[in-house]
Amino acid sequence: MTCGNFCDLTDFNHCRLIRLTKTGRRSLSHSISHSSTDSNSSGGSDAENPEDEVSPRDMQQINSKGNMDFCIKNIKLADFGRREIELAEDEMTALMALRKAAQGEKPLAAAKIVGCTHVTAQTAVLFETLKVLGAQCRWAACNIYSTQDEVAAALAEQDFPVFAWKGESEDDFWWCIDRCVNVEGWEPNMILDDGGDMTHWIYKKYPHLFKKVKGIVEESITGIHRLHQLSKAGKLCVPAINVNDSVTKQKFDNLYCCRESILDSLKKTTDIMFGGKQVAICGYGEVGKGCSAALKAMGSVVYVTEIDPICALQACMDGFRLAKLGDVVRHVDMVITCTGNKNVVVREHMDLMKNGCVVCNMGRSNTEIDVNSLQTPELVWQHVRAQVDHIIWPDGKRIVLLAEGRVLNLSSSTVPIYVLSITATTQALALIELFNAPEGRYKQDVYLLPKKLDEYVASLHLQTFDAHLTELTDEQAKYMGLSKYGPFKPSYYR
């Protein structure tokens, strides 16, 4: 079997958003590939990232130790970034406990991990944990807007090879990934990805590197979809662990994170009042459940759209009105997508929306809202503030588009650090599992995280609550056919 061309299996159409700026000048935003914007992001606008700024690629920077193996916005921000990382460490207790428990045995000694995730204070705690556990790492950002520049500086100051800054162009995005991989005398043997871009780049440019790669850990639904495409085509060269569908990721990151961050994101972008508002939420998976519960609690009237009868029945039993988007789109005040699919909200829907309707995406992919269909001569884009655009119809009607259709909570706000600790701990354990697995345990396929590790992640986080688990007696364990120490759920439990 030979490694396939990852690019053949993905869609990299480009989009350019024409908008009316505060000065009235029409301008083009960065050209952004679907791959680079599928990932979560944390802000960015024309005002925040003027095109005339000097690119970090054109600057020569050096840290206090004389190291130059990085490319970031400004190394002088390192002290600020270190404080943010320390604050994140206080909330990411489980990851710190894992660091303390495993640092003696160095389970990732000899691991050379190349990563493409968000570069934030929370992910920095993960990066530095991997280093403590023995790994060598090189890192790029999975999204052009998600990087916290001060955090990147703090990592670079600690000799961490990081190539990321907020407001990268598309060319910068791929250049940073290439700088992580194309290094003389250093070849990765593990990949940690969020969206599949690092995996794609290695398949496209350096397929020979897969001879040494022991596995891929993928965090996002988009990246998992790409891996399954490769697997079905017989072109996946190494085993991969699907972190996104681990129970801890689904039930905590997707549900509880979105339940809290949807309200914060909408308030920060629109200052909207939730009480009495009519909201259509597309999709009733874990993300949709969290968003629906939050808005219902604030007094909104919530409609849910679903394709899955099981999820649809859950929505009905939870007290929500199940409807088709086309039947309610004329009178709702907000439309929120939570599906991970494409073209969930299309131009025909937006033509029917009432004046002032807010449209946003909480799902993983930036394709859920057909933003490209709004780039027509008769519509005017008016940029209002960071992550807020008014799209104005010829008759004066306007809809409020948030984050240009990208995932809202990390584009305009933040997400709870504690929840990110759960996902980061899962990623670390998945890397340890794949790197140390005996030859033959994992084939060239996509696997779920072993249930034992899923439960271990949850147990580490119980310490925060001073919670105490009940232990099975020998008689009870025998009756249930379980080990006293787990796993307590079957591998197919979701």
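Q: In which sense do strand 17 and strand 18 pair, parallel or antiparallel?
A: Strands of a sheet pair through backbone hydrogen bonds, in either a parallel or an antiparallel sense. In this predicted model, strand 17 (residues 388-392) and strand 18 are antiparallel, with 5 bridges between them. Within this pairing, isoleucine 391 has isoleucine 399 of strand 18 as its bridge partner.

Q: How many residues lie between the strands of the hairpin of strand 17 and strand 18, and which residue takes a positive phi?
A: The hairpin has 5 residues between its strands, and glycine 396 adopts a positive phi near 95°.

Q: Which strand runs parallel to strand 18?
A: Strand 15 (residues 358-361) runs parallel to strand 18, joined by 2 bridges. Valine 358 has valine 400 in strand 18 as its bridge partner.

Q: How many residues of strand 18 are buried?
A: Strand 18 (residues 398-402) is mostly covered, with 4 of its 5 residues buried.

Q: In what order do the 7 strands of the open sheet stand?
A: The order is 7-6-5-8-9-10-19, with parallel pairing.

Q: How many bridges join strand 9 to strand 10?
A: Strand 9 (residues 215-218) and strand 10 (residues 240-242) run parallel and are joined by 3 bridges. Valine 217 has isoleucine 241 in strand 10 as its bridge partner.

Q: Which strands does helix 7 lie across?
A: Helix 7 (residues 197-205) lies across strand 5 (112-117), strand 8 (190-193) and strand 9, and runs at about 135° to strand 8.

Conventions
Residues are numbered from 1 along each chain as its sequence is written. This is a predicted model: local features need pLDDT of at least 70, side-chain atom pairs count only at pLDDT 80 or more; totals for chains, interfaces and linings use all residues. Side-chain values use heavy atoms; hydrogens and water are left out. Two strands pair if DSSP finds at least two bridges between them. Contact means heavy atoms within 4.5 Å. Axes are lines fitted to C-alpha atoms, for helices over the stretch in contact, and angles run from 0 to 180 degrees between N-to-C directions. Buried means under 20% relative accessible area, exposed over 50%, partly exposed in between (1.4 Å probe, protein chains only).
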